[in-house]
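Trainee: Could you take one part of this model and walk me through it closely? I'd like to see what surrounds it, and then how the rest of the structure looks from there.

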Amino acid sequence: MSTPARKTWEQAGLGLFFALGGLVLLVAIAAGTGIGEMPIPIETTFAAVTNRLGWTAIDLPPIQESVIWDYRLSRALVAACCGAGLAICGAVLQALLRNPLAEPYVLGISAGASTGAVGIIVLGVGAGTISLSAGAFAGAFAAFTFVAMLSNGGRGGPSKTILAGVAASQLFNALTSYIVTTSGNAQQARDVMFWLLGSFGGVRWPEFQLVLVVVAVGLLVCLYYARALDAFAFGDDAAASLGIPVGTVRLVLLGITAMMTATIVSMVGSIGFVGLVVPHAARFIVGHNHARLLPTCVVAGGIFMVLADIVSRVILPQQILPIGVVTALVGVPAFSIILYRAKGAA
Amino acid sequence: MSISAQNLCWSVGKINIVNDVSLSVPPGKVLGLLGPNGSGKSSLLRLLAGLRRPASGQVLLEGRDIQAIGRRALARRMALVEQHATTEANVRVRDVVTLGRIPHRSPLSGWTVVDEEAVIAALDRVGMWGRADRNWHSLSGGERQRVHLARALAQSPRELLLDEPTNHLDIQHQIALLKLVGELALTTVVALHDINHAAMFCDQLLVLDAGKVVAQGAPEDILSETLMRDVFRVEARIDSSPHHGRPHVHYLI
Ligand SMILES: Nc1ncnc2c1ncn2[C@@H]1O[C@H](COP(=O)(O)OP(=O)(O)O)[C@@H](O)[C@H]1O
Ligand SMILES: [Mg+2]
């Protein structure tokens with residue numbers, strides 16, 4: 001029963017684990033900044049960053065410095081934030097709805113955001129990123145309200161919520177197709193198609209600031225409710241009998257995940273599979289405790305998305321694959337391995 | 001009276017599932033709920049736990065209406081073990097018992113020595129300390145039930161509500177669990193389906209039929225051949241056991 005010693009070891013191990021994870025994430029971001037059509041050595045990358053931060057004044061080719069700072073670094077950082085955000089959403093929704101399939105994609109929230117954004121692109125209401133984000137937000141919340149109402153605010157039970165989500169996905173995907181086929185021209189249809197599968201193409205520093213704030217706020221709120229999420233493991237009544245205000249927690253967390261999803265989808269399109277596969281992988285490593293699981297999702301989701309973005313840029317010469325294609329192609333085999341190895345534990 | 005209820009009613013649609021139930025349990029005593037399937041035992045326990053709001057009537061803890069106590073404060077003194085609580089999640093025994101400390105911790109406070117001791121004591125009490133790192137899905141039905149009881153004990157409750165805790169347990173574990181519940185000296189309401197076990201281990205019994213109380217009192221006062229026939233629809237003879245002195249039901253075929 002050497003419990004205190006055991007706790008200390010566990011904590012030390014956990015600290016090491018997160019330090020290592022953070023380091024890998026940094027290396028991935030550095031790699032994402034260095035790798036591309038114009039390969040840039042890692043020293044140049046670091047020098048460009050320290051130059052911009054005013055710490056150094058190393059002489060660099062301006063074109064390389066510009067590619068790093070204005071294009072690739074912001075892109076890699078946005079990718080990391082989006083991966084982290086989607087993974088948090090998946091982990092939270094899976095716990096809240098007690099369903100291993102739950103994630104923004106399956107629950108129709110991504111589809112709703114897409115419909116909103118596509119509506120803006122094709123119908124050309126307003127202009128620029130602001131109205132695109134507004135459209136995605138409106139769509140995400142429309143889908144969220146739809147699912148919430150169909151499932152009595154999630155009280156109808158986990159499978160009812162998933163079914164409501166499936167209905168929402170179908171409805172909003174149909175609406176998206178309707179808008180594209182009736183109103184779009186061929187070029188717009190291609191743009192929309194590309195956007196629906198996800199792309200980090202257009203993101204710069206303003207997007208990074210927004211997504212960083214949203215994901216950080218989302219993470220803090222979810223961490224605040226980490227124990228409540230643990231308590232949902234045995235169902236709503238079990239959570240309520242542990243003193244959790246079930247209705248409030250569910251509403252707040254569903255709202256937060258809808259907000260994160262809407263922000264991410266409005267920025268980079270709807271990227272599937274990250275919200276599904278990363279939380280499962282993370283649970284496999286650190287277990288079910290959400291105070292540990294959510295930070296693990298941040299690190300793992302960030303790494304996964306940055307690497308997926310690199311792959312999407314280098315796998316075909318002269319061409320960029322939609323990120324959603326890569327996440328699915330990398331995610332499915334990874335998921336199969338997890339399922340195979342975890343089959344004994346159900 | 002530690003737990004009492006006055007004229008509790010709860011219905012779904014037009015159907016009265018709990019119909020005008022009053023009860024009271026003195027501190028440290030065990031009240032057994034009996035009744036056929038669907039008679040409203042689980043529903044009554046959910047009302048007592050404050051998980052459902054009664055259509056009329058109230059539940060009192062030491063004279064205070066539980067609606068006025070607050071969910072978290074209630075969870076610090078009353079624990080519930082549900083009938084079929086399981087999970088898909090890949091949790092360890094220790095994680096499940098740790099859940100019992102949630103009402104005692106604020107969302108940001110750390111894990112304290114008191115928390116740790118409560119968890120260890122609870123695991124030890126139900127004989128699961130040696131299996132603290134086992135996975136939930138690797139446990140037998142009886143072990144899971146004991147883990148749930150340990151989680152409830154980790155809440156450090158004064159009142160304990162148990163819904164058919166001996167379901168799926170073999171006879172050795174049924175007896176051990178009921179004996180343990182008796183020894184805990186907590187005010188307990190326990191739904192049971194084995195009438196002989198209820199007669200052996202409970203101080204008082206309350207018999208429900210279609211949501212109504214049909215009998216209430218000490219086992220030897222209320223268990224009768226007529227009750228067995230009218231409520232449980234079986235022919236039976238009841239005598240006092242020469243071994244433990246409690247009523248014993250012999251079923252006739
Ligand atoms: N939420 C509910 N909605 C509809 N009917 C319910 C609900 N909860 C319980 N019932 C019904 O109430 C009756 C009593 O159920 P329950 O309290 O589970 O009985 P017991 O635990 O004694 O078997 C059953 O007929 C059951 O179908
Ligand atoms: Mg029942």
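Mentor: Let's start at B:Asn196, which sits in helix 7 of chain B, the stretch covering residues 195–201. Keep in mind that this is a predicted model. Is B:Asn196 buried or exposed? Its relative accessibility is 13%, and because buried means under 20%, B:Asn196 counts as buried. Setting aside residues up to four places away in sequence, B:Asn196 touches B:Pro247, B:His248 and B:Val249. With B:Val249 there's a polar side to it: a polar atom of the B:Asn196 side chain lies 2.7 Å from the backbone nitrogen of B:Val249.

The contact between the two involves 38 residues of chain B and 22 residues of chain A. Between them the chains bury about 2600 Å², of which 59% is on carbon and sulfur atoms. On the chain B side, B:Arg71, B:Leu99 and B:Ile102 lose the most area to chain A, and together they make up 20% of what that side buries. As for polar pairings, 6 residue pairs are in polar contact across the two chains, counting pairs with both residues at pLDDT 80 or more. The salt bridge count between chain B and chain A is 1: A:Asp237 pairs with B:Arg52, and their closest N and O atoms are 3.0 Å apart. Helix 5 (141–154) turns up here again, as one of the chain B elements that give two or more residues to the side touching chain A; the others are helix 2 (71–75), strand 6 (78–81), helix 3 (93–99) and helix 4 (113–125).

Over in chain A, pick out A:Gly34, which is found in helix 1 (residues 3–34). With 8% relative accessibility, A:Gly34 counts as buried. Leaving aside neighbours within four places in sequence, A:Gly34 is in contact with A:Pro39, A:Ile40, A:Thr45 and A:Arg72. A:Gly34 and A:Gln64 are 30 residues apart along the chain, and their C-alpha atoms are separated by 9.9 Å.

Helix 3 of chain A runs over residues 62–96, 35 residues in total, and reaches 50 Å from its first C-alpha to its last, close to the 51 Å expected. This helix 3 of chain A is mostly covered too, with 30 of its 35 residues buried. Just after helix 3 of chain A, A:Arg98 takes a positive phi of about 50 degrees.

Key: Residues are numbered from 1 along each chain as its sequence is written. Chains are lettered from A and ligands numbered from 1 in the order in which they are written. This is a predicted model: local features need pLDDT of at least 70, side-chain atom pairs count only at pLDDT 80 or more; totals for chains, interfaces and linings use all residues. Side-chain values use heavy atoms; hydrogens and water are left out. Helices (H or I, at least four residues) and strands (E, at least two) are DSSP runs, numbered from the N terminus. The expected span of a helix is 1.5 Å times one less than its number of residues. Buried means under 20% relative accessible area, exposed over 50%, partly exposed in between (1.4 Å probe, protein chains only). Contact means heavy atoms within 4.5 Å. Buried area is the accessible area (1.4 Å probe) that two parts lose on being put together, summed over both. A salt bridge is a side-chain nitrogen of Lys or Arg within 4 Å of a carboxyl oxygen of Asp or Glu. A polar contact is a pair of N or O atoms within 3.5 Å; within protein, one must be able to donate a hydrogen and the other to accept it, and residues adjacent in sequence count only if both atoms are side-chain atoms.
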